[in-house]
Amino acid sequence: MVNENLLATYSLLSFIRDTYGSECNESLTQLFVPLIKETLNRMLRKKGTAIMGKDYSEIFDSVRENFQIEIPIPVIITLMPQVCKYSGGSFTLNSDHSFIIDSECTSTITEDYQNQKKLIKKLANNYKIYCKGRNVPYDFEELVTFIQDQKNRIFNDQSTAIYNQSYHVSKYVYDRIKKKDFYFDIICSIYLGGIISSYFKFKIKDRIIDTELLVDTNFYISLI
């Protein structure tokens, strides 16, 4: 079943990279700072009062609940001082990784995330129209599987699913690539964001020569 929130997170990560890429040259982990900020804000709104956390596992769980991805706790430990320093909120971070947050962080991605959700719905609707026009079965999950196939093979050690799919799935993507239209951009965002979200799972393998290719749109185009 397609998780549209997860797809929106992928798209959001791609958006953050495009928007703030120059600030993340040293490490892709910087891309996850806005997600942690937004997560802390949601935790505050849900609780209604100051958050007094026992350890960063609470943030880990909340990121997974809100954005359906996992940011390892050691990475959260590394990023929290930066989040605190540039949050605009009231933070107390303790050496045992307990924490107190009294006010919200300065976050700019709330609206961006909602916009990404809308884009995912537009892509699904466009694909539905495409399938209806060719009298073929509509299954958005098939399209998502096609887009994520390379990510799943590299990072999740899954076998390819493309060979078992109907021809119209790849044909739709190919048509988008030829036109380089609005929907092509959404597809690329989902692909690139999925790669970024799998950053923490990355293990060097002999068949991967240049990891920079994994976050390059041209690499995606060459796959098709």
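This is a predicted model: local features need pLDDT of at least 70, side-chain atom pairs count only at pLDDT 80 or more; totals for chains, interfaces and linings use all residues.
View 1. Residues are numbered from 1 along each chain as its sequence is written, and side-chain values use heavy atoms, with hydrogens and water left out. Helices (H or I, at least four residues) and strands (E, at least two) are DSSP runs numbered from the N terminus. Of the 224 residues, 45% are buried, meaning under 20% relative accessible area with a 1.4 Å probe and protein chains only. The accessible surface, from the Shrake-Rupley method with a 1.4 Å probe, is about 12,000 Å², and carbon and sulfur atoms hold 49% of that surface. Among contacts (heavy atoms within 4.5 Å) with a separation of 6 or more, 67% link residues 24 or more positions apart.

**View 2. Helix α1 crossing helix α8.** Here α1 (residues 4–20) packs against α8 (residues 182–197) at about 90°, and the axes are 7 Å apart. Each axis is a line fitted to C-alpha atoms over the stretch in contact, and angles run from 0 to 180 degrees between N-to-C directions. The two helices are therefore roughly perpendicular, a label for angles of 65 to 115 degrees. By class, six nonpolar, six polar and one charged residues form this contact of α1 with α8; Leu, Ile and Tyr count among the nonpolar types, Arg among the charged and Gly among the polar. On the α1 side look for L7, Y10, S11, L13, S14 and R17, which meet S189, I190, L192, G193, G194, I196 and S197 of α8.

**View 3. L119 in helix α5.** Helix α5 spans residues 110–133. How accessible is L119? Its relative accessible area is 22%, so L119 is partly exposed, the class between buried and exposed, the latter being over 50%. Beyond its neighbours within four places in sequence, L119 touches F182 and I186. D185 is 66 residues away in sequence, yet the C-alpha atoms of L119 and D185 are 9.9 Å apart in space.

**View 4. H168 in helix α7.** Helix α7 covers residues 167–179. H168 counts as buried because its relative accessibility is 9%. Setting aside neighbours within four places in sequence, H168 is in contact with Y127, Y130, C131, V136, P137 and E142.

Technical notes: Angles under 35 degrees count as roughly parallel, over 145 as roughly antiparallel, 65 to 115 as roughly perpendicular and the rest as oblique.
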